[in-house]
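Hello,

Here is the structure you asked for. My notes on it follow below.

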Amino acid sequence: MLKQKHLLGLEGYPAEDIQTIIDTAFNFREVLERPIKKVPSLQGVTIVNLFFENSTRTRISFELAQKRLSADTVNFSASSSSLKKGESFKDTAQNIEAMKIDAVVMRHPTPGAAKHLTEFIDAIIINAGDGTHEHPTQAILDMMSLHEKFGRLRGLKIGIIGDIVHSRVALSNIYGLTSMGAEVTICGPPNLIPSFLQDLNVNYNDNLDEVIDWADALNVLRIQRERMGIGLVPSNREYRATFGITQERLNKHEKEIIIMHPGPMNRGVEIDGFVADSNQAIILDQVLNGVASRMAILYLLCGGKANVGEN
Amino acid sequence: MKEKVLMDEIAVERSITRLCHEILEHNRTPENIVLIGIHNRGVPLAARIKLKISEFIGIDLEQGSLDITFHRDDFRERLQVPEVKETDISFSLDGKVVILVDDVLYSGRTVRAALDELNSFGRAAKVQLAVLVDRGHRELPIKADYVGKNIPTNDGEHVSVLLKETDGNDNVLLIKGVE
Amino acid sequence: MSLKNLSKHTVLKAGTLLDPYNKRTYRADLWIKDGFIESIGEFNAPKSAEIIDCKGKIITHGFCDLHVHFREPGREDKETLDTGSLSAMAGGFTRVCVMPNTNPPLDSPEMMNFIKEKAEKCPIHIHPIGAVTKAQNGKDITEMALMFKEGAVAFSDDGLPIQDGAVMRIALEYSTLVGVPVINHAEDECLRSEGLMHEGIISTHLGLPGNPDLAESAMVHRDLELADFTGAKLHVPHVSSAKAVQHIRTMKRKNNNITSEVTPHHLFFNDEALRSYDTNLKVAPPIRTESDREVLIKAVKDGTIDCIATDHAPHTLEDKETTFDCASFGMIGLESAFGVVNKVLVQESGMELIDLISLLTVNPRKIMGFDSDLFSEGAMAEITVIDPDRDWTFDKDHIHSKSGNSPFIGKDLKGTVELTISTNSIYKSQIIK
């Protein structure tokens, strides 16, 4: 039903398929509101969650989505030490292939790893984050949350705030939002903005207040200190003062702006706890929509007849 | 495509009334009955049955609804964006007589899916099935306990139930020339 | 095996001689006796001579590659002088200079001897390039004078850019003692950082850490200034960026001791190709943008870039068949070189064939101080026969290297090497049946 067998990234991903996923996800939201939240749609489908990098949230969200669809799931977490010797990647992939797994959800620290995996195995691959490249399911749940809030994506003005250059969330959001007809402005320290932005179809503005005035919603990224080998941000207080979503800053603006955050948050750095807990933040809706949209993705990719072995 | 009206508003009304009588005849302790409508048209049908029974014997039965979209075993044949409706069963089924209500009984797969899903909500004492129309062509060993009207159909024929609540009028149509 | 001993008498008949040294193209037969050119033109070769019909083909100098990695000693599983020689002959190369980043590195007169002695048994001429610093540590210069005596033709820490400007200055100053070029792999490691591909719009799309062209151009600029200041010979290897070309062009206007090379892969690919995440395209310096590629082609045509060098860098399958960050840098390039540069420079960019041949023959030989007048009677035979018009698709079967890390596999190339003669050996291509 979707045009592509895998979900590797949103660059060039058909807009109508993004819409299909979001529409389906809203249906699964309904299932998640039921007293019995489990449906048998993916009975007999085996999915492995292959996590070469720690990610409690994304993994739990995927696992929950799989369990609620009645899929059989296996978790595989590779230690970072075995990863250093990159050979294990191919071995792991071939092992999975030999075990007749139907689908693989993979998180990996290297850009392109998900695509790389498709070269070794026939299973359906869902990219749960490949290094600083893409995190398509996060972007889809973000778009679903915006859709829920505004009833549309076309014409929305979205600010993405923070470390853009190291962010797979930012890149997938940019691809997804622009292809769905939203306008995107990125905002952050100039050294955390990619130097080459042509044909990303985004605006750049380093003045957060102007971006707040302009935008309907802000997607606030985690400032990932551990990702930065060298001191790219002088200090927490400088970041907070310049790019932090603080209550004082929001108070200066007369509008009610929607705040999103992919989590985990650094409260008091990129976002104030007070803002995160306020009504304008839809951070917990994002979490729920994360399960629903991952259910939709799994359902649409793994549910088709052709994809399931003997039936 | 040719349409033929098999039941008009009055006939539909009569059938529902008869269903209610049969239900009450077969169940000596009507307060133990719960009605579960299967989306889409099973839900308003269940509501009408509830209303009539209340008129007849003065008991308000519990009523719920079931969405079986994800429980159908044939979704892999025709994967599409599911149109999910609410599943609302806010009471326990333990020890109850559950009457599943649907508009048309055909292959039996919808009912099988409903039975399947119902399992999650507890252990009913009995499950019975009430349908407005039975058009035959079963693919599973499933039989309705209460049938408003039997309408044998041939290949290329389709029965369409219209209800005021969902379609604006009460009519049962036989449609010919369907693929 | 397509490599054979040369017959005592061999005659290349009916071909067209293309002599890039004397800049002449003419029809003539060529007689090789005991591995030396006996006569060109009219002669009476003995009846027993092996006659090779070269009708419709071009007979030219054996190619010279001043930048290869043959991995010996240390990584003989990737390449040896022997397998590298065969790979070279398959590509029309009769003379190569091997880079010293081996294990142990070629950083002493003894190691020069090691290569020299091994090379004597090889069918092609192999010259060692000595390390600039001991153990390529980037600090302490090597015994350049002694190494020069034992055959070092240049000095380089290739693969490891000399980061410390003062060390580079000292090395350049000291190298004037022996008068051979210093070849510095120019990439500022701080600017390069964790970069895995050219920093540009494609790296942004792919999420791969970028290596900016500034990392190259900043160091090229430094090296040029230092070379100019010291009067040393500087050879800039594998120029990849428009910015570096500009610096070289400017300096060459006033300084004759500056030379540079470009690889076939930087002329052929642009960073769009990285969208495949093909690890065989992971090279240092990285494949750059289309506009960089266009500038490189222009620089070759206007003489800013002096020669083609393959930077033949063999790696095992395991080194490449992994995720992009873990994969080794480098690709092999000898077998595909002529088909690639002939396609890009002659077919697509309108360069004259003789000028292209010069980039593969007289120009690199001149930089390294090798004799270039190869089509003279009595000269040792270093001959390559080519068919510049033949279309072919490069595939695994054309690779003689011990390693197969080539992104050219499956690419359509123009122009084949049909025959290579070096000293006493003759290689007949498998491309012609």
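In this predicted model, the contact between chain C and chain A draws on 16 residues of chain C and 23 residues of chain A. On the side of chain C that touches chain A, the most comes from helix 6 (residues 201–206) of chain C, which gives 4 residues. By type, that side of chain C divides into 6 nonpolar, 6 polar and 4 charged residues.

As for confidence, the predictor gives the complex an ipTM of 0.89 and a pTM of 0.88. Chain C has a mean pLDDT of 96, with 99% of its residues at 70 or more.

Chain C also contains an open sheet of 7 strands with mixed pairing, in the order 1-21-20-19-8-3-4. Its edges are strand 1 (3–5) and strand 4 (24–27) of chain C; each has a single partner strand, so one side of each is left without a neighbour in the sheet. On average, neighbouring strands of this sheet are turned by 30° against each other, direction ignored.

Within the sheet, strand 20 (residues 412–422) and strand 21 (residues 425–428) of chain C run antiparallel and are joined by 4 bridges. One bridge pairs Ser425(C), in strand 21 of chain C, with Ser422(C).

What lies across strand 1, strand 20 and strand 21 of chain C? That is helix 1 (residues 81–90) of chain C, which runs at about 120° to strand 20 of chain C.

Regards

Conventions
Residues are numbered from 1 along each chain as its sequence is written. Chains are lettered from A and ligands numbered from 1 in the order in which they are written. This is a predicted model: local features need pLDDT of at least 70, side-chain atom pairs count only at pLDDT 80 or more; totals for chains, interfaces and linings use all residues. Two strands pair if DSSP finds at least two bridges between them. Helices (H or I, at least four residues) and strands (E, at least two) are DSSP runs, numbered from the N terminus. Axes are lines fitted to C-alpha atoms, for helices over the stretch in contact, and angles run from 0 to 180 degrees between N-to-C directions. Two residues are in contact if their C-beta atoms, placed from the backbone, lie within 7 Å. pLDDT is the predictor's confidence in each residue, from 0 to 100. Ala, Val, Leu, Ile, Met, Phe, Trp, Tyr, Cys and Pro count as nonpolar, Asp, Glu, Lys and Arg as charged, and the others, Gly among them, as polar.
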